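Morning, everyone. Let me put the model up, and then we go through the contacts one by one.

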Amino acid sequence: MTTTITPPETRGPAAAPVSNSLTAGKLPNGAPWMVLGASLLVSAGLFGVIALSGAEFNWVGTFVVAAIIYVATITLLSRIVEGGRRSTDRFVTALVTGAFLLAMIPLISLSITVVTFGLNRFDVEFFTYSMRNVTGEGGGALHAIIGTVLMTGTAALISIPIGLMTSIYLVEYGRGRLARGITFLVDVMTGIPSIVAGLFAYALFAIFWGPGTRTGIAGAVALAVLMIPVVVRSSEEMLRLVPVELREAAYALGVPKWLTIVKVVLPTSIAGITTGIMLSIARVIGETAPLLIAAGFTNSVNYDMTEGRMQSLPVFVYTQYANQGNPPEAYLDRAWAAALTLILIVMVLNLVARLVARFFAPKYGR
Amino acid sequence: MTTAAAPIRAKQRPGDRVFSKSAVFAGSMILVTLAAVATFLIVQSIPAFVADGEDASILDTNFWAYVGPLVFGTIWAAALALLIALPISIGIALFISHYAPRRLASALGYVVDLLAAVPSVVFGLWGIGVLAPAVQPLYSWLVDNLGWFPLFAGPVSGTGRTILTAALVLAVMIIPIITAISREVFLQTPVLHEEAALALGATRWEMIRTAVLPFGRPGIISAAVLGLGRALGETMAVAMVLSATGAITFELLTSVNPSTIAANIALSFPEAYGINVNVLIATGLILFIVTFAVNAIARWIVARRAEFSGAN
Amino acid sequence: MNLKRFAAPAVIAMTAALALSSCAANEGGSGDSGSDSTLSGNLVGAGASSQDSAQQAWIAGFQTANPDVTIDYDPSGSGAGRDTFLSGASDYAGSDRAFNDEEIAEGGFAKCAPDTSVVELPLYISPIAVIFNLEGVDSLDLDPATIAGIFAGDITNWNDEAIAATNEGVELPDLAITPVHRSDDSGTTENFTDYLGAAAPDVWTYEADGVWPFEGGEGAQGTSGVVDAVTNGTGTIGYADASRAGDLGTVAVGVGGEFVEYSPEAAAAIVDASPFVEGRDEHDLAIELDRTSEEAGVYPIVLVSYLIACQEYAEPENVELVKAYLSYIASPEGQDVAAESAGSAPISDSLREKVTAAIDSIQ
């Protein structure tokens, strides 16, 4: 009898199964993939039959049902072959991977939407024209790009020194009540809703220039209010990572404290700080609500931060969508093209931040 | 660290003095800024607190009746978003830190971070154009089949622009925030703890449950709160996606939804004048207080946990 | 090492320098257009966002003809626009409603000569279409009471008898109605609710208001939001600027026993059929819209937005510019430009005569 390779059931009580992760059975390495494939096939078959009756083939349903079948099958299979603990592990693995894939759905959907719609007007004219005297088709977002660069740049010029020095104060000097107070206030500042920052900047400049004034500098101030706590936070983290031994070594050599900070502490943490700053810029560059209130919008190029309204890319997206004229497609195309531009800018900033972090990371080992 | 009762005092150099003074100055700037924001908010809000329907056209009776539904909507939408986002984010963070192949991990992290790079207006456009029509059939199905459940009571919205859709968009927006922080915390779990668990025969999930999650709990909480704060203050996406009518209701799938404070400001500010502006700024103050309270509670939880768990 | 700290600002500065060194291709210096215009200066206006598209078109046209002129229109809202004009911060205002009698009596227009009043010109007439999304149906005939019933939430299904009664031969599905309204404060809502209240007072008991007056129906932001919500929804109905109706079904409104589709002519007709507000100065052309007019071919749901200027300016410097700009807007050319880009209804010739007389009287 060559058909029974498996040992017969009646081998006596001596071989009672001892559940042990080392001796328990194990699913083959490819099992999850096979189960996944089978689930997809079953699900597709199921929906294929439904589709035969005239309905459209339901892609979403296919994947959802396949996922459910997969999770159920792999857990059950593993419970039978491998026992309860491993089965839980498989179950969680499936869930965790599922969570990741789930989060990819909006990302992919968004990317496809933005790229397909955005490319319609992603042309030379878009980057060399403003909207002055443009109605309907044509025109571009140069004025918005310039406004975004100017306002974000100014916001960075305001908030980087303040944020960096504050974090230095907190890490190197701060003791007692003032330091605790500032830590607390930075936390509070992190919680300022962006629209409140916009209201604040709007009202602040209304005092100097009269009510109803909307200027680039007001927008920059609103962005700075949002940016400072982010800069403080990230720089503080990075400064705290600098080993105390480095500072003490410098002190022991008689280096003044401020020189220690400038020559030892900052260079050691510069990569992390730069990354943090880049990310904080990326964070504020897409802010819409505060700029809408504080800087307003315009159709013309404006280089003057202190005079007149200033357009920015996110507000451009918003106004092109909200105040569509005739034909509406031209306005929507511009909105999407600007959205694509904005996302590309933020992506580049993120990428640069990561490269900086990689190439300028301190050379001491971890 | 040098201010201990040392018998020899270090000489104060001019460079030191300038540097420390400027550091203190920068720190105080934060104080000044916040004081300015708070003062401005309060001063501008006072007329609104005493105003009634006669003074401000957007008020029916008084300010508190106006802001009540908005506060409810703000918290409800943000809480829903957090409820959706938190499990998913922890899943993603674990996937990137402990499940994905090492080479891929940082690239995957970057991919998730990309979501954070999308400006809220774009989320708004996407929410109206793609997400809402996509989920509407699901909503109809839920109302038809699970309508007895109070949250899913009908009539279903014909456009899908309900508070649940808004919460979904908010969830997508805060997932990268929560993920980024949780991921960092998970990665900082002492490798020795993890290896000890594995050496004792724990499966990967058991190792995570016994070593990674307890260590990361304060981090997860602060990440969740940061996300919650972001969801509370999010403006444009909600303003564009949500069909806001100002009712107080827990129903998730109807056209009648509460508005949120931030979205309401964005919707009403462009046409506001006179005392209406003060009313809107006063709602901004309330939003500020709410986010502040949320942050304070979170900090308190984290501080308490940190004492007991010995983490950090 | 310190250099690195400035890497981020440096990158920004470089980008900025690159961007700044270029100049928008469509914004050149003046003088190359060969225009013989002698007008120059800056004009500031503020007000209704409803006429923003039209204002942009007018500004574009006027600036092209007069290259040395710059006009800024701030679409800050009607209320803010009137306040700005009152405080003297703008040269003219755009507003979805005229100043009311008390405001006129109070006076105090800072830009105007003491004790002079204002000129209010109804130069932007925008028909509001009632749009719906119902498969296979392009047009419906509805009387005011039915429209009011739908938006008030009394009529909840498309196969309701009230709808069927005026639409014989149209196949109405058994489908819930989702009425969509503006969730932001707007002149469109104010005019639409004003119409409902005037034409169907028994059904619509709310007062005219820029904010939707009750909790019910679906809210959407701005005209675009309403159009999107109606387009993407099923069984939806809403109201929006007629120019944005696109492929959506539109409602022909019951007027005096007939049903009138919106058209520029029909919208302009309601303005001619309505009397001017009594007791105003000769050149204050504030109109008392007669929503219940039963004249044939009149489309009653319109938004009339005014351009408001001083009868007599305190400072003479900008008077010529204001007059030239308003004349351009009132001209057939100006009205056509607005009709093309904003979908407004050009004013009738009889109204143009009065407007021209009013503009000529500005000092």
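Some ground rules. This is a predicted model, where local features need pLDDT of at least 70 and side-chain atom pairs count only at pLDDT 80 or more, while totals for chains, interfaces and linings use all residues. Residues are numbered from 1 along each chain as its sequence is written, chains are lettered from A and ligands numbered from 1 in the order in which they are written, and side-chain values use heavy atoms, with hydrogens and water left out.

Back to chain A. Domain 1 covers 30-120 and domain 2 covers 125-360; those bounds come from an automatic or database domain assignment. Their C-alpha centres lie 40 Å apart. Seven residues of domain 1 and six residues of domain 2 make the contact, meaning heavy atoms within 4.5 Å. The two domains bury about 550 Å² between them, 81% of it on carbon and sulfur atoms. Buried area here is the accessible area (1.4 Å probe) that two parts lose on being put together, summed over both. On the domain 1 side, A:Val114, A:Phe117 and A:Gly118 supply 69% of the area buried against domain 2, more than any other three residues.

Now chain B against chain A. Here 73 residues of chain B are in contact with 77 residues of chain A. The buried area is about 6,700 Å², with 79% from carbon and sulfur atoms. How many salt bridges does the rule find across this interface of chain B and chain A? One. It joins the side chains of A:Arg85 and B:Glu206, at 2.7 Å, N to O. Which helix of chain B gives the most to the side that touches chain A? Helix H1, residues 14-50, with 19 residues. Helices are DSSP runs (H or I, at least four residues), numbered from the N terminus.

Last, the record. UniProt, in an unreviewed entry, places "transmembrane region" at several spans of chain B, including 23-43 and 235-253. Such annotations may be inferred rather than shown by experiment. In the model, residues 23-43 of chain B are 100% helix and 0% strand, with end C-alpha atoms 30 Å apart. Residues 235-253 of chain B are 32% helix and 0% strand, and the end C-alpha atoms are 21 Å apart.

Conventions:
A salt bridge is a side-chain nitrogen of Lys or Arg within 4 Å of a carboxyl oxygen of Asp or Glu. Helices (H or I, at least four residues) and strands (E, at least two) are DSSP runs, numbered from the N terminus.
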